2 protein chains.
Amino acid sequence: MLNRTDKSELSETKRKLLDEGIKLMRLKGYNATTVDDICAAAGVTKGGFFHYFKSKEDIAREAIVRFGEGRSEEIIDAPFRKIKDPLDRVFGRLDFIKDSVGGASRLTKGCLIGMLAQEISTTHPSLRGICQDAFLRMAEDFAKDLAAAKAAEAPKAQFDPKSLALLYISIFQGSTMMAKVSESNDVLLGNIEQFRQYLKLLFGLTAVKSRN
Amino acid sequence: MLNRTDKSELSETKRKLLDEGIKLMRLKGYNATTVDDICAAAGVTKGGFFHYFKSKEDIAREAIVRFGEGRSEEIIDAPFRKIKDPLDRVFGRLDFIKDSVGGASRLTKGCLIGMLAQEISTTHPSLRGICQDAFLRMAEDFAKDLAAAKAAEAPKAQFDPKSLALLYISIFQGSTMMAKVSESNDVLLGNIEQFRQYLKLLFGLTAVKSRN
DNA sequence: GTTAACATACCAACTAGTCTGTATGTTAAA
DNA sequence: TTTAACATACAGACTAGTTGGTATGTTAAC
């Protein structure tokens, strides 16, 4: 039987390799994940692997893109998207992220892009660009909502939506690192709340204590 | 001739190995840095390496500690430490960090601890703990100044110094990742400014635009 | 002559990638 | 409708190079 049912679809085997590759690289990074690991996890042999990918770097590239697209789809379909008020939509996004991270007990599996970004930026320049693009797309998506919220709620406020979005990405990535290292989501969840607080202050939603 | 001039001092060879190891791992990470790389950079042979370190994991452990101590010394000796007013000292620290990162053109070489943290957290559990300790020490040091500033300037403000310090560490680490991936310090420097802005808002130093 | 501080040669395990084989289908000429 | 030619999707053995680590010197200080 044929696996590829349509020209644009991935074969079952390739999809399995990609998904297991993503899983392993999210956990152990690029170098510590071997091609044999991926093959074993996917139940495919070397021949199968190199039929679909011309090198290890190649599967990493496709994995980053697939992971990015997956995240982007999750966010596009997320319930907060339907919130009409732009500022509420911004806060809704933060709630959604907290939900998808899970409780303080369950640890994040982390972001593949963040995991690979540091490890391969200097050693695999072509992958670096792919990671950068993925980050910029995420930032751009958030920046749109922030810009809409600013226009509607505080047009005179002194902040740049794009910079704010990049700050958010940085906080999330840094916090994910802290989560891995501390084996807990506490700091990650706390930091998202602090970012929310920063937004509230920028939008003038919270009274600031006067200096005594 | 003897290299070790005093019982507590590192021999010249070991110091060289450590420093070159730090340099390489900061750049390429743990797995992509080979023992041979370090030996070549330090001008030492394998025999010399394994005389001082019982394994690659061992030099990584010592490298993390040495790097952490080095950073901690730099910060202890930094000029901002002499600032009397605690809140000014907090802001002075941010200025110091920006200075030591360098201009937007020169890219950061990054933080060794952050570089290794993600890569080894799952694969080398004992190194994970070392990284965690290093982060907590940094956070603790900053948290002290934040607590002093809070006590002096805004005792009623609604923030926890320790959490704020951990947010700062997260922002710095995440921003460093963005710097590597974008080959620019722009986001890193911008994010430090945004953190400063957040602090100002928490301390009630900045007028918040009213909603229109 | 014992020990610290290396140097050199070497090894076993691993790793990315290749090569050849093969089963299964597809296409199109006869 | 048979068949030859070709393509796709793997399997599995193999290889060349790398890697962390070891075993065995050698040298010089004490």
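Is B:Asp145 buried or exposed, and at what relative accessibility? In this predicted model, B:Asp145 counts as buried, at 7% relative accessibility.

**View 1. Salt bridge between B:Asp145 and B:Arg89.** The closest N and O atoms of the two residues are 3.2 Å apart. B:Asp145 belongs to helix H7 (residues 125-153) of chain B and B:Arg89 to helix H5 (residues 86-101) of chain B, and the pair links parts of the chain 56 residues apart. B:Arg89 is likewise buried, because its relative accessibility of 15% falls under 20%. In chain A, salt bridges with shared partners connect A:Arg81, A:Arg89, A:Arg93, A:Asp141 and A:Asp145 in one network.

**View 2. Salt bridge between A:Asp19 and A:Arg66.** The N to O distance is 2.9 Å. A:Asp19 is in helix H1 and A:Arg66 in helix H4 (residues 56-76) of chain A, so the pair ties together parts 47 residues apart in sequence. A:Asp19 is partly exposed at 23% relative accessible area, and A:Arg66 is partly exposed at 26%.

**View 3. Salt bridge between A:Lys98 and A:Glu193.** The side chains meet at 2.8 Å, N to O. Helix H5 (residues 86-101) holds A:Lys98 and helix H9 holds A:Glu193, both of chain A, so the pair ties together parts 95 residues apart in sequence.

**View 4. Contact between chain A and chain B.** Each chain contributes 54 residues, and about 4,900 Å² is buried between them, 62% of it on carbon and sulfur atoms. Among the 2 salt bridges across the interface is that of A:Glu183 with B:Arg128 (3.2 Å, N to O). H8(A) gives the most to the side of chain A that touches chain B, with 15 residues.

Terms used: Residues are numbered from 1 along each chain as its sequence is written. Chains are lettered from A and ligands numbered from 1 in the order in which they are written. This is a predicted model: local features need pLDDT of at least 70, side-chain atom pairs count only at pLDDT 80 or more; totals for chains, interfaces and linings use all residues. Side-chain values use heavy atoms; hydrogens and water are left out. Contact means heavy atoms within 4.5 Å. Buried area is the accessible area (1.4 Å probe) that two parts lose on being put together, summed over both. A salt bridge is a side-chain nitrogen of Lys or Arg within 4 Å of a carboxyl oxygen of Asp or Glu. Helices (H or I, at least four residues) and strands (E, at least two) are DSSP runs, numbered from the N terminus. Buried means under 20% relative accessible area, exposed over 50%, partly exposed in between (1.4 Å probe, protein chains only).
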